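Please examine the sequence and the coordinates alongside the text.

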Amino acid sequence: MSRSLVLIFVLFITCCSVLSAQEIFEREFRIIKSQFPARSLSLIHQHVQEIKRLKFYQEIDSSIPVYLAKFKKDKLWYGVQFQENGDLELIQIKIKRMDIPNDSYSQIDSYLDNMFSKYKIKSIQQQYHSNNEALDVTFKNAFQNLLLPTVHYKFIVAGKKNKRHDQYELLFDADGNLRQERIALPQNYDHVLY
């Protein structure tokens, strides 16, 4: 009896370790301004001027809700993400392939070619994390669109791997090295009425 339990336990651990991509269950819901944390809203108004199309979202991950303000500034789409307590988490900019340095992109491209038999890049974001920097510095770096060694690139990729089609969220560092890979749920289409 104990041998079979040990065998089952070993098989369970082996199966769990084989799964390299972590599944994420996050959804993004549009919220009204009054539901957005007041501290986060004051930080946006304090550090960002001349914005258009300001919209507010709550993103519910597996465990931690975060708040996101999306807007357009200087012909670029930005997203400023805050923790539930109102602290700045990151600033992201929607970019295109040509905005990534060639060396970094070739590293990312070779990873994608090796990982997927077929894939399509849905979107690319350049992220500025607030890593114990002053808020002024993080906002300045993001809105000047600086290419720093602390920048991350988030790719949303629809890919075929092991005869299975999924949507992946891939996070690369400034040099093009993979930092995180997660299987993402498809977009939320609850607003569509049939």
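Leaving aside its neighbours within four places in sequence, with which residues is His-152 in contact? They are Gln-125, Gln-126, Gln-127, His-129, Leu-171, Phe-172, Asp-173 and Arg-179, where contact means heavy atoms within 4.5 Å. The model is predicted: local features need pLDDT of at least 70 and side-chain atom pairs count only at pLDDT 80 or more, while totals for chains, interfaces and linings use all residues. Residues are numbered from 1 along each chain as its sequence is written, and side-chain values use heavy atoms, with hydrogens and water left out.

His-152 belongs to strand 8 (residues 152-161); strands are DSSP runs of E, at least two residues long, numbered from the N terminus. With a relative accessible area of 18%, His-152 is buried, a term for values under 20% (1.4 Å probe, protein chains only). The side chain of His-152 reaches the backbone oxygen of Thr-150 at 3.3 Å.

Lys-73, in strand 4 (residues 65-73), is likewise buried, at 13%. Its side chain reaches the backbone oxygen of Gln-49 at 3.1 Å. Not counting residues up to four places away in sequence, Lys-73 touches Val-48, Gln-49, Glu-50, Ile-51, Tyr-78 and Phe-143.

Strand 6 (residues 88-95) has 6 of its 8 residues buried. This strand pairs in the antiparallel sense with strand 5 (residues 76-82) over 5 bridges and with strand 7 (residues 118-129) over 6 bridges; pairing requires at least two DSSP bridges. Leu-90 is the bridge partner of Gln-81, and Gln-126 that of Ile-93.

Technical notes: Helix = DSSP H or I, 4+ residues; strand = E, 2+ residues; numbered from the N terminus. Buried < 20%, exposed > 50% of the residue type's maximum accessible area, 1.4 Å probe, protein only. Polar contact = N/O pair within 3.5 Å; in protein donor to acceptor, adjacent residues only side chain to side chain.
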